[in-house]
Amino acid sequence: MKKEDKKEKKEDRFEEMYQKLIDYEQQIHAKNQTRIKIGLRCIILIPLIFLILLFWTDSNKVVFLILWIASLFALAVYLIGVEYMDYNLQETLRELGGEEDGRKPDTLIGEKAEEKPDEEYL
């Protein structure tokens, strides 16, 4: 009986650890969704700020153009990085058995975006 008790305790501990991992993943996924929203808002706001500064000041327009392009590249890299981190987290969960318990890992971009396009469009 002692071996069975130890085995049950181990299984309970592993189940508890797995549940903590799932909860942690869900928290990180929720934070990533907010990061994506913030990044998309910044893509709208930053060009507007540079446009306002461009017309408000009488300085060189090329400087604002370069700053605007650099900020868009930086925001794109940020958004790609957030999505990549979330994708790696989802893949790790999938490897650990996230689909065995009937739970399909969530993605940030949605299921329809991951589907393959119809051949008529190719």
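Begin this tour of a predicted model by selecting Glu91, which counts as partly exposed at 23% relative accessibility. Its salt-bridge partner is Arg94; display both side chains, and the N to O distance reads 2.5 Å. Arg94 is likewise partly exposed, at 29% relative accessibility. Both residues belong to helix H2, where a spacing of 3 residues places them about one turn of the helix apart.

Remain in helix H2, which covers residues 61-95, and select Phe73. The relative accessible area of Phe73 is 58%; this residue is therefore exposed, the cut-off being over 50%.

Proceed to helix H1, residues 2-56, and select Glu25. Glu25 has a relative accessible area of 2% and is therefore buried, since buried means under 20%. Show the side chain of Gln90 as well, for a polar contact of 2.4 Å joins it to the side chain of Glu25. Thr92 may then be selected: it stands 67 residues from Glu25 in sequence, while the C-alpha to C-alpha distance between Glu25 and Thr92 is 9.9 Å.

The tour ends with another salt bridge. The structure holds 2 salt bridges, and one of them links Lys20 with Glu16, whose closest N and O atoms are 3.6 Å apart. Lys20 and Glu16 are separated by about one helical turn because they lie 4 residues apart in helix H1. Lys20 is exposed, at 54% relative accessibility, whereas Glu16 is partly exposed, with a relative accessible area of 47%.

Key: Residues are numbered from 1 along each chain as its sequence is written. This is a predicted model: local features need pLDDT of at least 70, side-chain atom pairs count only at pLDDT 80 or more; totals for chains, interfaces and linings use all residues. Side-chain values use heavy atoms; hydrogens and water are left out. Helices (H or I, at least four residues) and strands (E, at least two) are DSSP runs, numbered from the N terminus. Buried means under 20% relative accessible area, exposed over 50%, partly exposed in between (1.4 Å probe, protein chains only). A polar contact is a pair of N or O atoms within 3.5 Å; within protein, one must be able to donate a hydrogen and the other to accept it, and residues adjacent in sequence count only if both atoms are side-chain atoms. A salt bridge is a side-chain nitrogen of Lys or Arg within 4 Å of a carboxyl oxygen of Asp or Glu.
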